[in-house]
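Good morning, and thank you for coming.

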Amino acid sequence: MLIRQLQVQGLRRLVDVDLCPGPGFNLITGDNGSGKTSLLEAMHLMAHGRSFRARIRDGLVRTGESALQVFLEWEQPGQPGRRAGLRHSGSAWEARLDGSPVGQLGELFEALAVITFEPGSHALIDGSSEIRRRYLDWGLFHVERSDAGGDFLSLWRRHARAHKQRNALLRKGRAEGQLDAWEHELALAGEAITLQREAYVTRLQPHVDALLADILPAAGAANLSLQPGWRRQDFGLADALLLARERDLAQGHTTVGPHRADLKLEFRDLPGRDGLSRGQTKLAALVLLLAQASHLATHAGHWPVLQLDDLASELDRHHQRRVLQVLAASNAQVFVTGTDPIPAMDSLAGLHAMFHVEHGVIRPLAG
Ligand SMILES: Nc1ncnc2c1ncn2[C@@H]1O[C@H](COP(=O)(O)OP(=O)(O)OP(=O)(O)O)[C@@H](O)[C@H]1O
């Protein structure tokens with residue numbers, strides 16, 4: 001996937017930005033607070049419907065403006081060029097894809113794949129399980145579209161609806177007949193989601209192995225596994241829901257199921273997550289993100305757009321070099337931000353376009 005043009009208006013301090021990035025590496029430099037991360041936020045927003053650092057209504061729209069706007073044009077091998085526009089006020093949005101209005105933002109997210117590594121990405125390893133479920137489901141959303149197993153988004157929606165209905169009934173008190181019906185639906189969708197998540201984790205493993213060897217060899221081998229959200233080794237989801245019913249009625253919500261799933265990354269020679277240093281935790285998160293990208297590249301035949309925010313302050317020089325070499329060997333379009341040029345990029349000369357941001361204004365630099 002190759003972004004040809006990015007226009008941003010009214011996002012944080014970006015007033016009116018128009019950028020034509022190159023293939024390969026794009027280095028974006030600028031002082032603290034100049035607006036580098038905001039550029040990455042714009043692309044992430046278009047592909048995920050959210051920023052990676054705040055809710056849209058919490059300050060993403062430039063002070064004094066009523067809405068932000070992002071416009072993107074991109075290409076994908078073997079397909080005609082695509083374009084999308086998003087206007088978001090924080091509470092309401094309008095979007096267009098290839099000139100037509102978009103009914104559901106999911107249509108944009110499906111069309112555009114952007115993966116971002118940023119200072120908060122360590123949460124993928126040491127944060128809440130919700131972040132890892134979102135990671136898994138984003139990957140499945142992009143690879144399981146119309147495969148034999150059923151497209152993941154429809155399954156996910158079926159599951160979310162049944163989950164919501166069961167919770168509403170639990171809060172109301174007893175309604176056994178209706179609970180039976182929604183539990184049946186919840187179990188069907190939940191089992192199917194779990195099978196897809198499990199298969200996805202298995203398919204990610206070789207990508208994780210290869211990237212660990214390249215980027216984090218000191219940590220040794222690691223195993224990726226899914227914790228499904230209930231004692232699946234003992235019983236199916238339908239039985240788990242039935243067994244938990246009394247407790248769930250008392251608590252007023254569903255306590256077992258795929259909404260409680262987690263992804264576990266265990267290093268064979270290290271004692272749990274605490275065995276990783278802070279820097280290694282970031283690297284492990286980067287390994288998971290790049291594994292997802294490289295799996296998508298294998299599966300879909302094109303790399304997602306990769307964004308590395310503030311790389312130099314996140315990783316030491318040695319690891320910066322390793323990561324950049326791995327990416328240089330890929331076919332991905334990569335955006336890297338930093339306050340200064342990144343020395344490790346020098347050996348990749350010719351592979352990158354450079355831009356400088358100053359007070360929210362961006363200009364290309366001669367390479
Ligand atoms: N809603 C807003 N309206 C106007 N300006 C804002 C808004 N939110 C944030 N800003 C400003 O936008 C800038 C944020 O820019 P951004 O985080 O993209 O900078 P950066 O270049 O990545 O900085 P750093 O190198 O410090 O990470 C800051 O100067 C901040 O004060």
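This is a predicted model: local features need pLDDT of at least 70, side-chain atom pairs count only at pLDDT 80 or more; totals for chains, interfaces and linings use all residues.

Residues are numbered from 1 along each chain as its sequence is written, and side-chain values use heavy atoms, with hydrogens and water left out.

Let me begin with the antiparallel sheet. Six strands form an open sheet in the order β2-β1-β4-β5-β6-β7, with antiparallel pairing. Here, strands are DSSP runs of E of at least two residues, helices are runs of H or I of at least four, and both are numbered from the N terminus; two strands pair if DSSP finds at least two bridges between them. β2 (14-19) and β7 (100-101) are at the edges with a single partner strand each, so one side of each has no neighbour in the sheet. Within this sheet, β1 (residues 2-11) and β4 (residues 68-76) are joined by seven bridges, and leucine 2 has glutamate 75 of β4 as its bridge partner.

I turn to the pockets. A pocket is an open set of points on a 1 Å grid over the protein atoms alone, where a 1.4 Å probe fits, with protein on both sides within 12 Å along at least five of seven lines; lining residues have an atom within 4 Å of a point. Volume is the space filled by probe spheres set on the points, which are joined across faces, edges and corners.

How much space lies in the largest pocket? About 1,400 Å³. It is lined by 43 residues, and His48, Arg50, Arg134, Tyr135 and Trp138 are the closest to its centre. Helix α4 gives the largest share of this lining, eight residues.

The second largest pocket holds about 250 Å³ of space. Of its 16 lining residues, Gly24, Ser330, Asn331, Ala332 and Gln333 are the closest to the centre.
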